[in-house]
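The structure is shown first, and the points follow by topic.

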Amino acid sequence: MAEYVYPPVAAAARVAFAAMNLKIRVVGAAHVPVEGPAVMASNHVSHLDFIFVGLAARPSGRYVRFMAKESIFAHKVAGPLMRGMHHIAVDREAGSQSFRDALRALKDGEVIGLFPEATISRSFEPKEFKSGAERLAKSSKAPLLPVAVWGTQRLWTYDDRASLKQRGVPIAIYVGESVEPGATSETTAAELKKRVVELVHRAQDEYRDSGSGQWWQPARLGGTAPAAPADGTDIAD
């Protein structure tokens, strides 16, 4: 697949992040295969998560094709870039086409990235996962990689206290070992969420800035973000 758009966009992002003096830490990048298909399934706390999850694949020389809501592709600036990077539009009213598009990309040996929560978690805790990641991995026999991002919510999320003007913000991206298929789709999906939650908690525990009393820290850890609902749902983005 010809790459005319992704490399310069990725290079521009690296320059921007350097100018912002972001302290980016990637753990487990070696789990991303250097060739062949893979599904990267991440928690979702920021509008920028796809950029940082994509960074975790660069040490393996891979570009990640993300599944993103169709409205982004309709934007006059973002749309051409998204199409040029061969990302996959998701129409929530007709999701079967996006599933077929992602499956085709996997069978062509691409890495697919998606956020099983389908929207940003306002509690900053992983909420209910949808089944797309497990289904894609099973249908394509691709490794299913759990991913966690943390710190990105401080730059751009639902809360207007986030700001791209900040400098020196630590950003953590963790990639785990692939999730082995379980006896049923439900057990695989449950294991995927369990592994993502473990990575998120590790990222939070190892994060270099204290979030005590901060809006970007989960209530569970003494922050002022909205408490995660007991049923795993959340306020829609």
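A residue counts as buried under 20% relative accessible area, as exposed over 50%, and as partly exposed in between. Asp209, with a relative accessible area of 28%, is therefore partly exposed. The model is a predicted one, and a search of the whole structure finds 10 salt bridges.

- Arg154 and Asp209 are joined through their side chains by a salt bridge, at 2.9 Å from N to O.
- Arg220 pairs with Glu125 in a salt bridge whose closest N and O atoms are 2.6 Å apart.
- These partners are 95 residues apart: Arg220 is in the segment after helix 7, and Glu125 is in the loop between strand 5 (111–114) and helix 6.
- Glu125 is buried at 10% relative accessibility, whereas Arg220 is partly exposed at 43%.

**Other salt bridges**

- Asp159 and Arg161 form a salt bridge, with the closest N and O atoms 2.9 Å apart; Asp159 is buried at 12% relative accessibility, and Arg161 is partly exposed at 47%.
- A network of salt bridges links Glu3, Arg65 and Glu110.

**Packing of helix 6 and helix 7**

- Helix 6 (residues 132–140) packs with helix 7 (residues 185–206) at an angle of about 120 degrees, and their axes are 9 Å apart.
- The crossing of the two helices is right-handed.
- Ala133, Glu134 and Lys138 of helix 6 contact Ser185, Thr188, Ala189 and Leu192 of helix 7.
- This contact comprises 3 nonpolar, 2 polar and 2 charged residues.

How values were computed: Residues are numbered from 1 along each chain as its sequence is written. This is a predicted model: local features need pLDDT of at least 70, side-chain atom pairs count only at pLDDT 80 or more; totals for chains, interfaces and linings use all residues. Side-chain values use heavy atoms; hydrogens and water are left out. Axes are lines fitted to C-alpha atoms, for helices over the stretch in contact, and angles run from 0 to 180 degrees between N-to-C directions. Helices (H or I, at least four residues) and strands (E, at least two) are DSSP runs, numbered from the N terminus. A crossing is left-handed if the near helix is turned anticlockwise from the far one by less than a right angle, and right-handed if clockwise. Contact means heavy atoms within 4.5 Å. Ala, Val, Leu, Ile, Met, Phe, Trp, Tyr, Cys and Pro count as nonpolar, Asp, Glu, Lys and Arg as charged, and the others, Gly among them, as polar. A salt bridge is a side-chain nitrogen of Lys or Arg within 4 Å of a carboxyl oxygen of Asp or Glu. Buried means under 20% relative accessible area, exposed over 50%, partly exposed in between (1.4 Å probe, protein chains only).
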